[in-house]
Amino acid sequence: MTRKAIYLLLATLLAVSPAFLNAYWVDVLNNVGMYALLALSLNLILGHAGLFHMGHAAFYAVGAYTTAILNTTYGIPVLWLMPVAGLMAGLFALMVARPIIHLRGDYLLIVTIGFVEIVRIALVNNVFGITGGSNGIFGIDRPFLFGYKIRKPHEFFYLIWGFMVVTVFLFHRLENSRFGRALNYLREDDVAAEGSGINTTHYKLIAFVIGAVWAGMVGTIYASKMTIIAPESFNFWESVVMFMIVILGGSGSIRGVILGAFLVIGLPELFRGMGAVSDLINSVFSGFGVTLNLDFSNFSQARMMIFGAAMVIMMIFRNEGLLPPLPRKYPLKKIREEMS
């Protein structure tokens, strides 16, 4: 079976999964989808441009709060606010990234950690009297699509994963464009890229802005799904989770990022039921006179330790991630024909 056939089969199974899952597991898939979208937007900055950035939750927050404020104050439909939220997040990214874009590696990482905390503290302190402070903003409307109100988990499933299809298509096109190739040059060696005539500052800023725009639009979906937002939803830990998804799945790989979202967000939910599994195993073996005393009930609480250990192992033995980017293939025959 070819790779495309496998992807098509997996996409079909995912599309029909709400018909066979209860509301809880559909909502888990919704969370996986939203984090996959956020991680894909971070992947453009971290995976393609090679910029160490752990402040992505700030752009997510700007988009969500833009939607919440405009919707609750002026009654503007939520989906209309998606491009507005993206624009505001992009402008914020441009404003904060311009002075620091020349930094590299750990220095840039530390600065981005700083501004995600600044955003969170500003929201907690009710900046300009419009963010609601630590209580957040209540009463955000549900989205309407073609006159239909989206409110149930399976309805949000198709909204989120429909947006995922659009995102994957656009980011795949971007990845294979001249802009995408320039970002890859930056990731490998920005000095050599600059020597080849690439305006490194320009491309880094564009990558930051596009990633922020996408995170801001995902913030709109989150705000309308929850109908309430608070600063605690956009803390530094959210940025850590996004960073972990990209690194674990495969930096620079769209398919790797989606796999990483399923592992980091979806897998812990499976662990929550491990207590019942241990009880079942103990009861089965006790029937044969064997006492095991297995206890998996706290397994889900240790999931972050498990993922931390997995990250360390990945960095040692497979630092390119579980599904790294496929090698680029260029049609040399076609290129020769065009040159002749």
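**View 1. Contact between helix 3 and helix 4 in the predicted model.** Ala 58, Phe 59, Val 62, Gly 63, Thr 66, Thr 67, Leu 70 and Asn 71 of helix 3 meet Leu 81, Val 84, Ala 85, Met 88, Ala 89, Phe 92, Ala 93 and Val 96 of helix 4, where contact means heavy atoms within 4.5 Å. Sorted by class, this contact of helix 3 with helix 4 has 12 nonpolar, four polar and no charged residues, with Ala, Val, Leu, Ile, Met, Phe, Trp, Tyr, Cys and Pro counted as nonpolar, Asp, Glu, Lys and Arg as charged, and the others, Gly among them, as polar. This is a predicted model, in which local features need pLDDT of at least 70 and side-chain atom pairs count only at pLDDT 80 or more, whereas totals for chains, interfaces and linings use all residues. Residues are numbered from 1 along each chain as its sequence is written, and side-chain values use heavy atoms, with hydrogens and water left out.

**View 2. Crossing of helix 3 and helix 4****.** Helix 3 (residues 56-74) and helix 4 (residues 81-97) pack at an angle of about 135 degrees with their axes 8 Å apart, the axes being lines fitted to C-alpha atoms over the stretch in contact and the angles running from 0 to 180 degrees between N-to-C directions. Helices (H or I, at least four residues) are DSSP runs numbered from the N terminus. The two helices are therefore oblique to each other (under 35 degrees counts as roughly parallel, over 145 as roughly antiparallel, 65 to 115 as roughly perpendicular and the rest as oblique). Helix 3 passes helix 4 in a right-handed crossing, that is, with the near helix turned clockwise from the far one by less than a right angle.

**View 3. Salt bridge between Asp 190 and Arg 104****.** The closest N and O atoms of this pair are 3.4 Å apart, a salt bridge being a side-chain nitrogen of Lys or Arg within 4 Å of a carboxyl oxygen of Asp or Glu. Because Asp 190 lies in helix 8 (residues 190-195) and Arg 104 in the loop between helix 4 and helix 5 (105-124), the pair ties together parts that are 86 residues apart in sequence. Asp 190 is buried, with a relative accessible area of 15%, whereas Arg 104 is partly exposed at 49% (buried is under 20%, exposed over 50% and partly exposed in between, with a 1.4 Å probe and protein chains only).

**View 4. Salt bridge between Arg 120 and Glu 117****.** Both residues lie in helix 5, three residues apart, about one turn of the helix, and their closest N and O atoms are 3.1 Å apart. Arg 120 is partly exposed, with a relative accessible area of 25%.
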